[in-house]
Each structure stands twice: as structure tokens, then as C-alpha cells.
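Dear colleague,

I am handing over the structure we spoke about, and I would be grateful if you could look through it with the notes below at hand. They follow the file directly.

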Amino acid sequence: MPPVEPLEATATQGRPGDEISPAGTLRHIAVIMDGNGRWAQARRLPRSFGHRAGSHAVRRTVRAAAEAGMEALTLYAFSCDNWARPQGEVNALMELLQDYLDQESSSCVQEGIRLSVFGRRDRLHPSLLRAIEVAEQRTSMGRRLHLRLAVDYSGRDAILAAVSRCPSGEPLDPEAFQRSIHEASHSPLEIPEVDLIIRTGGEKRLSDFLLWESAYAELYFTDCLWPDFKSRDLTLAIDDFSSRERRFGSVPASANRRPDRCPPPPAA
């Protein structure tokens with residue numbers, strides 16, 4: 001992935017807490033970056049070219065999310081199921097990820113961006129693990145935006161791992177379980193719940209992404225392939241989110257109003 005382009009100097013202080021955002025506020029966007037392979041195939045290029053082109057969309061989206069005042073941006077970089085892809089493609093993805101981590105630490109420090117990686121780590125190459133540790137340590141003080149990369153991640157596996165950490169035979173406490181979810185996937189506890197999930201590429205499914213954390217997330221699907229995703233596409237998604245009424249299981253505000261007077265009784 002190429003270096004993140006410089007962001008504006010204005011900083012926004014993050015608000016810790018993993019509670020659900022109030023209706024109308026947008027703090028945490030998660031993106032399923034789909035369509036890299038199809039983008040390349042449409043141009044008769046190897047799929048690896050699509051992933052490299054998608055890295056430019058990462059740079060644009062990070063910049064746009066920071067400028068929009070987001071607290072967290074989570075990108076689905078590599079799922080547990082992606083290991084089933086051709087070995088050459090897997091190797092290219094891992095090399096691209098390591099290059100990004102190696103190159104971006106300094107830029108993230110300068111721009112106030114905290115970078116972290118969550119998911120399984122036992123199947124990653126030692127050199128990639130070292131790059132993750134260095135990037136996380138160097139950028140840990142960033143407050144403008146928390147950029148999170150899901151690598152070797154499965155929402156179902158994270159839930160199962162969290163369940164295994166809970167004491168046997170005791171009632172599950174939602175807050176304790178939430179902590180277990182974060183610990184199981186190496187994810188910081190202060191991340192707010194996901195407000196908006198964007199999926200590019202025209203597919204309409206979650207693909208095992210943040211199943212617990214996105215319980216009340218709004219979903220936004222676009223046919224735009226990930227390498228073609230630009231800042232204006234993020235703006236469109238944010239505008240769509242702003243037009244929705246988030247009720248969290250309640251009823252619209254208008255339904256709670258009492259009528260000015262009781263309706264007349266039905267005619268006899």
C-alpha cells in the first residue's frame with residue numbers, strides 16, 4: 001500500500017467507550033473492500049494488480065474519513081476464508097500489507113493516526129507480526145483517527161473465542177462478553193460500536209465481518225468496485241447514513257407523541 005497522503009492539521013480528540021453512538025451521530029465506519037479481483041480481471045490484469053490498485057482507495061478513504069471527523073475506520077483487509085485463495089494471491093496480499101505497515105508508521109505518527117491490526121495472529125509470518133507490533137507501538141498516541149485493519153479475521157471465530165473465555169456455568173454479562181470479544185481478536189476496548197458498514201463491489205452480505213460489533217450498524221451497499229472508490233463515494237455513504245432514523249429497537253419519535261385530543265367514538 002502507498003503512503004497515506006498528508007491530512008489537514010486540525011485534530012479531533014477521540015471519545016473512548018464502546019457504547020452505541022446516539023442516533024444521528026457517526027463515529028465509526030467499517031468497510032468491506034470488495035471488487036479488487038473483478039477490477040483487475042475486467043482489465044485483463046492479474047488479480048494482484050487489483051489489490052495494489054485498491055491500496056490507492058485505502059489512502060483516499062483514510063484521508064476522507066479523517067477530514068470527516070471520524071473516530072474510527074475499520075477495513076476488512078484479509079478474512080480467515082481468504083486463505084483458500086490461490087497461494088500467489090495470498091502471498092501478494094501479505095506482502096502488500098507488510099509493505100504498508102513498514103512504510104506508513106512515520107506518516108501515521110505525523111498525522112495523528114493510530115493504526116492497529118486485529119484478528120488471528122498465529123498463522124501470520126513472523127516478519128509480518130513484527131511489522132504489526134512496530135506499527136502499533138509507534139502510532140499508539142494517535143488521536144485524530146483510529147485506523148483498524150482486520151487481518152485473518154472471522155466474526156464467528158471471534159465470538160466462539162470470546163465464549164471460551166467466559167466462566168463455565170455462569171450467566172454471560174454483555175459488558176464482560178464485549179471485553180472478551182475485543183481480547184480474543186486483539187482489538188482495543190475503547191473502540192465505539194460500528195455505526196455504518198459500507199460494502200463495495202455490488203454484493204449484499206456481511207461475509208463474517210464484525211458480527212457482534214455491528215448489531216445496530218446501518219448497512220450501505222454500492223456497485224462501485226473498491227479500486228474505484230473515491231472520497232465522494234464515502235461522502236455519499238455518510239449522507240445516506242444521515243438521512244436514516246436510528247431507533248435501536250424503539251419506535252419513531254413521532255409515534256411517542258400523544259394526540260392533541262382523543263378521536264371521536266365510532267358511530268353507533
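Please keep in mind while reading that this is a predicted model. I begin with the helix packing, where Met 94, Leu 97, Gln 98, Leu 101, Asp 102, Ser 105, Ser 106 and Val 109 in helix 3 are in contact with Ser 127, Leu 128, Ala 131, Ile 132, Ala 135 and Arg 138 in helix 4. Sorted by class, the residues of this contact are eight nonpolar, four polar and two charged. The two helices span residues 87-111 and residues 126-138 respectively, and their axes come within 9 Å and cross at roughly 20°, which makes helix 3 roughly parallel to helix 4, since an angle under 35 degrees is counted in that way. The crossing of helix 3 past helix 4 is left-handed.

The other pair I looked at is helix 5 (residues 155-165) with helix 6 (residues 174-184), which pack at an angle of about 120° with their axes 8 Å apart, so that helix 5 is oblique to helix 6. Here helix 5 passes helix 6 in a right-handed crossing. On the side of helix 5 the contact is made by Ala 158, Ile 159, Ala 161, Ala 162, Val 163 and Arg 165, and on the side of helix 6 by Phe 177, Ser 180, Ile 181, Glu 183 and Ala 184. By class, that contact has eight nonpolar, one polar and two charged residues.

Turning to charged side chains, a search of the whole structure gives 12 salt bridges, and I describe some of them here. Asp 240 and Arg 244 meet through their side chains at 2.5 Å, N to O; Asp 240 is partly exposed at 26% relative accessibility, and Arg 244 is partly exposed as well, with a relative accessible area of 28%. Salt bridges with shared partners also join Asp 34, Arg 38 and Arg 199 into one network. Within that group, the side chains of Arg 38 and Asp 34 form a salt bridge at 3.2 Å, N to O, where Arg 38 is partly exposed with a relative accessible area of 34%, whereas Asp 34 counts as buried at 18%, because the cut-off for buried is under 20%. In a further salt bridge, the closest N and O atoms of Asp 122 and Arg 120 are 2.6 Å apart; Asp 122 counts as exposed at 57% relative accessibility, while Arg 120 is partly exposed at 33%.

Thr 74 lies in strand 2 (residues 72-79) and is buried, with a relative accessible area of 0%. Setting aside neighbours within four places in sequence, Thr 74 is in contact with His 28, Ile 29, Ala 30, Val 31, Phe 118, Arg 148, Phe 209 and Leu 210. Ile 198 has its place in strand 5 (residues 196-199) and counts as buried at 0% relative accessibility. Not counting residues up to four places away in sequence, Ile 198 touches Ile 29, Ala 30, Val 31, Ile 32, Tyr 220, Phe 229, Leu 234 and Ala 237.

With kind regards

Note on methods. Residues are numbered from 1 along each chain as its sequence is written. This is a predicted model: local features need pLDDT of at least 70, side-chain atom pairs count only at pLDDT 80 or more; totals for chains, interfaces and linings use all residues. Side-chain values use heavy atoms; hydrogens and water are left out. Axes are lines fitted to C-alpha atoms, for helices over the stretch in contact, and angles run from 0 to 180 degrees between N-to-C directions. Helices (H or I, at least four residues) and strands (E, at least two) are DSSP runs, numbered from the N terminus. Angles under 35 degrees count as roughly parallel, over 145 as roughly antiparallel, 65 to 115 as roughly perpendicular and the rest as oblique. A crossing is left-handed if the near helix is turned anticlockwise from the far one by less than a right angle, and right-handed if clockwise. Contact means heavy atoms within 4.5 Å. Ala, Val, Leu, Ile, Met, Phe, Trp, Tyr, Cys and Pro count as nonpolar, Asp, Glu, Lys and Arg as charged, and the others, Gly among them, as polar. A salt bridge is a side-chain nitrogen of Lys or Arg within 4 Å of a carboxyl oxygen of Asp or Glu. Buried means under 20% relative accessible area, exposed over 50%, partly exposed in between (1.4 Å probe, protein chains only).
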